[in-house]
Amino acid sequence: MFDRELLQRPATEVAPLLLGARVSVGDVTVRLTEVEAYLGEQDPGSHAFRGPGRRNAVMYGEPGSLYTYFSYGMHVCANVVTGELGTASAVLMRAGEILAGIETARSRRGTSRTDADLARGPARLCVALGITLADGGLDLQSGRVRLELPDRVEAFATGPRTGVSGAGGGEDYPWRFWIPGDRTVSRYLQHKPKKGP
DNA sequence: GTCGAGATTATCT
DNA sequence: GATAATCTCGACC
């Protein structure tokens with residue numbers, strides 16, 4: 001199913017609902033196991049914090065669109081745009097489990113050894129699905145990239161965002177959501193225990 | 001299995 | 001010119 005009204009809610013509410021959702025591109029289908037919420041201009045960790053720009057314009061647009069961006073030069077990451085028109089909230093798809101088209105995904109990601117690695121991480125997910133910058137702004141209901149929401153809400157866990165530099169990371173923004181116990185959840189996002197006194 | 005450091009380019013100031 | 005919502009690789013247990 002694809003409920004656009006559901007996607008008009010703030011990213012922090014939509015994010016847990018996207019867990020277990022299926023994303024399909026061509027022959028490849030992925031089940032989302034980890035996502036992260038970004039609340040636009042009120043969120044210091046968001047690309048939209050400093051206002052609209054060429055890169056993040058899609059985030060201000062229709063909920064249910066695909067927002068793609070380049071990070072660290074070589075990597076592409078994909079978001080689902082949420083919130084009402086004019087708000088810059090979005091949910092970053094961080095990891096997933098390949099349900100179909102695993103051979104296509106494998107051939108695109110020659111470096112992965114295990115199947116669990118194929119879509120573990122935002123950039124890997126995009127490579128496995130074949131999402132590029134050219135797919136940014138597409139409609140997730142009718143475009144090349146399809147999103148299908150789960151029938152039932154999965155059990156989920158929350159935690160602080162990591163990978164966000166400067167303000168916006170840490171415990172003040174516990175907007176990371178994942179399915180507990182899933183092996184496709186990125187390891188470096190798990191709680192890092194510290195050896196302390 | 002886990003941990004730590006380096007690479008690389010679109011986008012914005 | 002600085003910045004970044006990351007990945008890969010090598011070293012170690």
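Me: What does a backbone N or O atom of Arg55 lie 3.0 Å from?
Reply: In this predicted model, that backbone atom of Arg55 is placed 3.0 Å from a phosphate oxygen of DNA strand B.

Me: And which residues are closest to DNA strand B overall?
Reply: DNA strand B is surrounded by 8 residues, and the closest are Arg50, Arg54, Arg55, Tyr72 and Gly73. Of the atoms of DNA strand B that come within 4 Å of the protein, sugar and phosphate account for 67%.

Me: How do the residues near DNA strand B divide into nonpolar, polar and charged?
Reply: That surface has 4 charged residues, together with 2 polar and 2 nonpolar ones.

Me: Back to Tyr72 and Gly73, what do their backbone atoms lie by?
Reply: Each has a backbone N or O atom by a base oxygen of DNA strand B, at 3.0 Å for Tyr72 and at 3.2 Å for Gly73.

Me: Where does Tyr72 sit in the fold, then?
Reply: Tyr72 belongs to the hairpin of S3 and S4, which has 3 residues between the strands, and there Tyr72 takes a positive phi near 50°. The two strands, S3 being residues 66-71, run antiparallel and are joined by 6 bridges, while Ser71 stands opposite His75 in S4.

Me: New topic: is S4 mostly covered or mostly open?
Reply: Strand S4, residues 75-81, is mostly covered, with 6 of its 7 residues buried.

Me: Which sense does the pairing of S4 with S5 take?
Reply: S4 pairs with strand S5, residues 89-100, in the antiparallel sense over 3 bridges, and the bridge partner of Val80 in S5 is Val91.

Technical notes. Residues are numbered from 1 along each chain as its sequence is written. Chains are lettered from A and ligands numbered from 1 in the order in which they are written. This is a predicted model: local features need pLDDT of at least 70, side-chain atom pairs count only at pLDDT 80 or more; totals for chains, interfaces and linings use all residues. Side-chain values use heavy atoms; hydrogens and water are left out. Buried means under 20% relative accessible area, exposed over 50%, partly exposed in between (1.4 Å probe, protein chains only). Helices (H or I, at least four residues) and strands (E, at least two) are DSSP runs, numbered from the N terminus. Two strands pair if DSSP finds at least two bridges between them. A residue is near a molecule or strand if one of its heavy atoms lies within 4 Å of it. A polar contact is a pair of N or O atoms within 3.5 Å; within protein, one must be able to donate a hydrogen and the other to accept it, and residues adjacent in sequence count only if both atoms are side-chain atoms. Ala, Val, Leu, Ile, Met, Phe, Trp, Tyr, Cys and Pro count as nonpolar, Asp, Glu, Lys and Arg as charged, and the others, Gly among them, as polar.
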